[in-house]
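Here are some notes to go with the model. Please read them beside the sequence and the coordinates.

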Amino acid sequence: MSLIGIDLGTTNSLIAHWGEQGVEIIPNRLGARLTPSAVSLDADGAVIVGQAAKDRLVTHPDLSVASFKRRMGTNAAYTLGKQSFRPEELSALVLKQLKEDAEAYLNAPVTEAVISVPAYFNDNQRSATKRAAELAGLKVERLINEPTAAAVAYGLHDRAEDCHYLIIDLGGGTFDVSVLEFFDGVMEVHASAGDNYLGGDDFSEMLVNDFCKTHNLNIKKLSGQEVNRIESAMDRIKHRLTREEAADAVIQINGKELSYRITRAQFEDLAAPLLHRLRKPIERALRDSKLTPSDINEVILVGGATRMPVIRSLVSRILRRFPLSHLNPDEVVCHGAAVQAALKNKHQALDDVVLTDVAPYTLGISISMAVERGQYENGHFLPIIERNSVVPISRMEVVNTLQDKQTQLEVEIYQGESRLVKNNILLGNLMVKVPPKKAGEEAVQVRFTYDVNGILEVLVKVMSTGEEYRAVIENSPGQMSEKEIEASLEKLAALKVHPRDQAQNIALLARAERLYEESLGDLRHTVADLVRQFERALDTQDHKHAEEAREQLENILTRIEEEVNPL
C-alpha cells in the first residue's frame, strides 16, 4: 500500500510517489504528467475526466466543467446535462482518476494521500477538500499548503541553511504567498497571505473581456459554444505571449471571422488591476513576517501562471531580485507533497527534515465592547489565534457575563481579519450555561486548539463550576461566494448614517479597517481603539469635532503605515 502526494489544482492535477530515485511524477492513462481538472459527461451520461473533458468544454459546454476548485467550500452546484454536482463531488472524480492511474502504475492499492491546498484556503475549503478525497476512496494523511510543499521541494534540493524563502504560487484560480526559513533541518513557515479568487484564469478572462469590447460583443448574448471558443483562443494567446512579443487569433462568431491581436506591452497595460491585487499579499506576507525585501535570500515561483513574463517582471521589481524557477512550476507542489508523504512514512533518507506551518486566518469569537458607561455594542471580534501563528497551537482567552443573573452565554466562533464579526465568517457556536450572578462575576475560559490539517477544536470552561463544553469545527457552514461578498459591501456602502455618508469619512473608515486587517497584536488593538474614537466623534453630529477627529486619525494612520510597510 502506497502513500502518495497529490496536487489538486484549479487547472491541472498531478500525483507522485517517492521511489528509488526520489520523487517520481506518475503519468496518467494518456502518458501525460498533468491531468486537466475538468469533468464532462458523454451522450450516455458516462463521466469523462482530464484532457478529453477539457476539450469538450468548447464542443459540449453544457456537459462539461472546469475550475470548480475555485468554489470549494461553498454551496455552489454545477449542472451537467440532467445531473447536478457540488465542487467537492467534481474534485472527487478527478482524485478518483488520479488514484486509479497511480494504482495501475505502481501495481499496488493506493488508499492514503497527502494533498496540497492553497495556503489561504479557509476551514470550509479545507474540509471540502478532505470530503472530496474521502468520496474518491482516499484517507487524507495531511493537507499541506501549496507554497510550503514547493519550499520542501526546493529545500531538499538546495539545503541552504539559515535562508529565507519567499514562495509565490500563482495557479489557475488561486494566489498564495508564503515566507519560510530553513535552518537546522527545520522548514518553518513565518507568514502566509493570498487571494482565493485570483489566478491565471483571471488573466484569460481579462483577454476575453477585451476581445468582446474590441468587437462590441455582449458575451451574455453569445452561445455557450461561442463563449468557450473565445475563452480557448484567449487562453492560447496568453500562453503564446510567454514566448512571443505579440500574439493573434481569428475566431468565428455569428458566422463572421473576428480577428484579435495583442502585444506584451498591451497585455501588461490591461493587467494593471490584477497586478495591483498581486502586490497586496506579497506586502502582507513580508509585513507579518517582519522582513523586508533585502532579508529574502531566494524567491521561488510556483504555478503555471508564473511563466507569464509580466508576473516575473513584477516580482523582480518588488523584491529586487530574479526569482528561482529551475524546478518545473507545474510540478513542484506535487513534488513537495510526495516528499511530505515520504516523511509521513518515515523514509530514512528524509527523517531529518521537520516541517512547520501556520494558520492562514485569524480565529476568534464575538464579544460586546463598552461604548459608554453601562452601554455595550455587540459584534466586535476578539482574536484568539491570530493569522500566521505556527500550528499546532492552543490559545486561551477569558470572557465575563454582561448582565445580572445571566444564565447562559453564547460563544460564536469566527474566522477573518475584520474587527467586526459581521465582516468575518461564522464557523459555529456553543451555548454555555452559567450560574446566575451579578454582571461580570461569572467568567469562562475559551480555548482554541488548531492542528496541522486546519481543524479547530473549541473548549469552553465555566470557571466557577468547572463544567466544560466542546466543539470541533471540521465541517463548517458554506463559505461566502464572491457575489455575497460584493452584495454585502454594496449594502454597507449604501447605509446612510450621519455623518458617515460623507465620502471622506467613508474612505477613512475603510482605510482604517484595511489597516486593522493587515495588523497583528498590539497594533491591531490600537487601530481598533482609534476607529472607535472616530466613530464616537461622528455620532456627536458636531461637524467641527468630526472634522478635527478625521484629521487626527488621518495623521496617525499615515504614521502607522509608514512604519509597518516594508516596500
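1. How many bridges join β10 to strand β11, and do these strands run parallel or antiparallel? Six bridges join β10 to β11 (residues 139–145), and the pair runs parallel. One of the positions to look at is S116, whose bridge partner in β11 is I144. The model is predicted, and this applies to every point below.

2. On β10 there is also a pairing with strand β1 (residues 2–8): six bridges join the two, again in parallel. Here G5 has V114 of β10 as its bridge partner. Strand β10 itself spans residues 110–117 and is mostly covered, with six of its eight residues buried.

3. A separate item is the open sheet of three strands, ordered β6-β5-β7 with antiparallel pairing. Its edge strands are β6 (47–49) and β7, each of which pairs on one side only. From one strand to the next, the twist averages 20°.

4. Within that sheet, β5 (residues 38–41) is joined to β6 by three bridges, and the two run antiparallel. L41 stands opposite V47 in β6. Helix α1 (residues 51–59) packs on the sheet and touches β5, β6 and β7. The direction of α1 makes about 70° with that of β5.

5. In soluble globular proteins, nonpolar side chains tend to be buried together. The largest nonpolar core in this model has 48 residues, and F203 and M234 are the ones that touch the most other members. Why does this core lie between domain 1 and domain 2? It lies there because both domains give residues to it: domain 1 covers 4–198 + 272–357, and domain 2 covers 200–271.

6. The surroundings of F203 can be listed. Leaving out residues up to four places away in sequence, F203 touches L170, K238, F267, A271, L274, L275, L278, M308 and I311. There is also a second, separate core of 32 residues, which includes V49, V65, L80 and L95.

7. Most residues other than glycine have a negative phi, and most peptide bonds are trans. S67 has a positive phi of about 60° although it is not a glycine. This serine, S67, is found in the loop between β7 (64–66) and β8 (78–80). Is S67 buried, partly exposed or exposed? Its relative accessibility is 22%, so S67 counts as partly exposed; the cut-off for buried is under 20%.

8. N388 is another residue other than glycine with a positive phi, in this case near 70°. Its place is in the loop between β21 (375–385) and β22. N388 counts as buried because its relative accessibility is 10%.

9. Finally, which peptide bond is cis, with omega near 0°? The bond from V391 to P392 is cis. P392 is found in the loop between β22 (390–391) and β23 (393–400).

Conventions
Residues numbered from 1 in each chain as written. Predicted model: local features only at pLDDT ≥ 70, side-chain atom pairs only at ≥ 80, totals over all residues. Heavy atoms only, no water. Buried < 20%, exposed > 50% of the residue type's maximum accessible area, 1.4 Å probe, protein only. Helix = DSSP H or I, 4+ residues; strand = E, 2+ residues; numbered from the N terminus. Pairing = 2+ DSSP bridges. Core = buried A, V, L, I, M, F, W, Y, C linked by side-chain atoms within 4.5 Å. Domains from an automatic or database assignment. Contact = heavy atoms within 4.5 Å. Axes fitted to C-alpha atoms, helices over the stretch in contact; angles between N-to-C directions.
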